[in-house]
Amino acid sequence: MSYTALYRKYRPQNFTDVKGQDAIVTTICNQIKAERIAHAYLFCGTRGTGKTTIAKIFAKAVNCEHPVNGSPCGTCASCQSIAAGTSMNVIEIDAASNNGVDNIREIRDEVTYAPTEGRYKVYIIDEVHMLSIGAFNALLKTLEEPPSYVIFILATTEAHKIPVTILSRCQRYDFHRISIDIIAERLQELLEQEQAEAEPKAIRYIAKAADGAMRDALSLLDQCMAFYMGQKLTYDQVLEVLGAVDTERFSRMLRSVVNHQVAEAMRQIEELVAEGRDLSQFVNDFTWYLRNLLLLQSSDDMEDVLDISSENLQLLKEECTMLDSAELMRYIRIFSELSSQVRYSTQKRILIEIAVIKLCRPQMEEDVSSILARLTQLEKKLEGGVVQPAVVMPETTADLPKAPLPKAISEDIRQVVENWRSIVSQMPHSIRVFIQKAHLSIGENDVLMIVLDDSILCDMLSEEERLKEITDTISKCIGKQIQIQIKYNHTGQSFEQSFVDLEQMIHTEIEYEDF
């Protein structure tokens with residue numbers, strides 16, 4: 001026999017099995033017991049919260065021969081045929097693929113015939129918001145005055161797309177997201193039935209990753225169990241399967257940002273990429289981590305609200321003292337904006353690196369929150385006795401020392417400068433976007449200097465791995481090995497005033513493009 005997915009195998013067959021929608025279940029059960037059944041219902045809510053499941057249980061309950069407290073018995077012929085999908089009284093329609101006027105006209109013609117068995121014909125129209133305007137108009141009259149033996153159940157994830165004329169003819173039920181506790185409890189029950197084991201921490205992470213959807217939680221659990229078949233499911237294994245990141249990583253990243261350690265933060269991102277972690281998930285989880293920090297900073301009574309372990313809570317308390325609320329809100333703003341950008345981007349890593357650099361270097365932004373962060377940094381430096389000397393710029397540039405001109409430019413250096421545009425285009429993308437802002441100069445012993453006006457970019461390109469890639473690309477293009485040096489223009493003057501401009505000397509016009 002073929003394998004059945006967990007969310008199908010354990011789909012609730014009566015109202016008592018439904019978890020997390022108690023108010024809706026109670027209302028519908030009372031209606032069935034009192035025989036106050038409406039002719040049209042609208043079930044709204046996010047995916048995986050039980051809309052279609054409750055609709056099918058409802059269809060069984062109104063046709064059940066021996067209902068128990070408004071819930072179907074599950075043993076009569078009617079319940080079994082509906083559960084098997086062979087009943088002529090329950091018609092399921094996917095509005096995403098049957099959204100035309102002709103499809104609704106077929107329904108309008110069918111409702112004139114009474115059910116051959118049972119009491120009601122139940123039409124379940126899923127994703128009803130996908131119907132066309134003409135189809136909604138064709139449904140309108142039938143929905144307003146259907147025969148007494150017909151019930152319409154409309155299910156949708158986007159109720160705002162449904163015309164008001166349809167909404168006014170239905171009883172509306174809003175399905176809310178299921179809590180982490182309820183999902184975790186349900187997952188534990190199913191694991192016991194499947195005779196499988198999992199760490200409580202692993203179960204809670206799956207419940208949290210499901211984002212309030214029971215079906216998503218069961219699918220994620222199914223995926224993790226399949227990967228580690230026959231083993232006890234651990235928290236680390238769940239992180240590996242889902243491509244997620246441990247909380248300890250977020251703590252390391254935050255401490256690197258707070259200490260303005262750009263190179264260390266870049267190395268951590270490199271580790272995430274090398275391990276194959278989901279970068280979009282990393283952005284979302286790190287934003288959630290920052291949110292927990294802000295809540296803990298806001299009040300002393302937030303420990304019960306935060307769904308984290310005691311070890312992680314201790315880390316959060318320590319980090320709360322490392323930065324103020326205004327700076328933390330700036331972090332959250334930057335990463336919230338990043339979350340929507342990385343979703344459809346093909347260059348997720350570069351966007352994340354830029355965002356992390358912004359966190360470390362507030363001087364790169366000019367909004368109010370960044371200016372406040374810069375002032376906070378200055379205050380901390382003053383408190384620690386570190387004072388930056390003022391740079392006194394001369395009134396004229398006539399007395400500025402000029403960079404000494406080289407006696408001669410070697411043919412190798414000349415060849416690099418003349419082909420610089422082509423060389424840059426062959427470098428890896430993570431280097432191209434930064435090195436295209438560089439200037440070319442020459443140092444002692446014919447060393448090719450790649451000069452940058454940004455110290456952050458200089459630190460990034462000076463890393464051993466990136467420096468090797470630059471050298472190898474140049475050697476590949478000109479067929480010779482030359483010595484290069486990544487240098488930061490710290491003079492406070494323009495590049496032309498402080499260094500020899502090789503491009504100008506060789507009369508080669510270099511145009512940098514956005515690769």
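**Entry 1: the whole chain**

I began with contacts (heavy atoms within 4.5 Å): of those in the protein with a separation of 6 or more, 73% are between residues 24 or more positions apart. A reminder to myself that this is a predicted model, where local features need pLDDT of at least 70, side-chain atom pairs count only at pLDDT 80 or more, and totals for chains, interfaces and linings use all residues. I also noted that residues are numbered from 1 along each chain as its sequence is written, and that side-chain values use heavy atoms, with hydrogens and water left out.

Next I looked up the elements, and I found 25 helices and eight strands. These are DSSP runs numbered from the N terminus: helices are H or I with at least four residues, strands E with at least two. Of the 515 residues, 45% are buried (under 20% relative accessible area; over 50% is exposed and in between is partly exposed, with a 1.4 Å probe and protein chains only).

**Entry 2: a three-stranded sheet**

I then turned to an open sheet with mixed pairing and the strand order S6-S7-S8. Two strands pair if DSSP finds at least two bridges between them. Strands S6 (439-442) and S8 (484-488) are the edges, each pairing on one side only. From one strand to the next, the twist averages 35 degrees.

S6 and S7 (residues 448-452) run antiparallel over four bridges, and I found Leu440 opposite Ile450 in S7. Helix H23 (residues 464-478) packs on this sheet and touches S7 and S8; the direction of H23 makes about 130 degrees with that of S8. For the angles, axes are lines fitted to C-alpha atoms, for helices over the stretch in contact, and values run from 0 to 180 degrees between N-to-C directions.

**Entry 3: H14 against H17**

Helix H14 (residues 279-298) packs with helix H17 (residues 348-360) at about 30 degrees, their axes 10 Å apart. The two helices are therefore roughly parallel to each other (angles under 35 degrees; over 145 is roughly antiparallel, 65 to 115 roughly perpendicular and the rest oblique). Leu279, Ser280, Phe282 and Val283 in H14 meet Lys348, Arg349 and Ile352 in H17.

**Entry 4: His129**

Where is His129 placed? I found His129 in the loop between strand S3 (121-126) and helix H6 (133-144). His129 counts as buried because its relative accessibility is 9%. Leaving out residues up to four places away in sequence, His129 touches Phe136, Thr156, Thr157, Glu158, Lys161 and Ile162.
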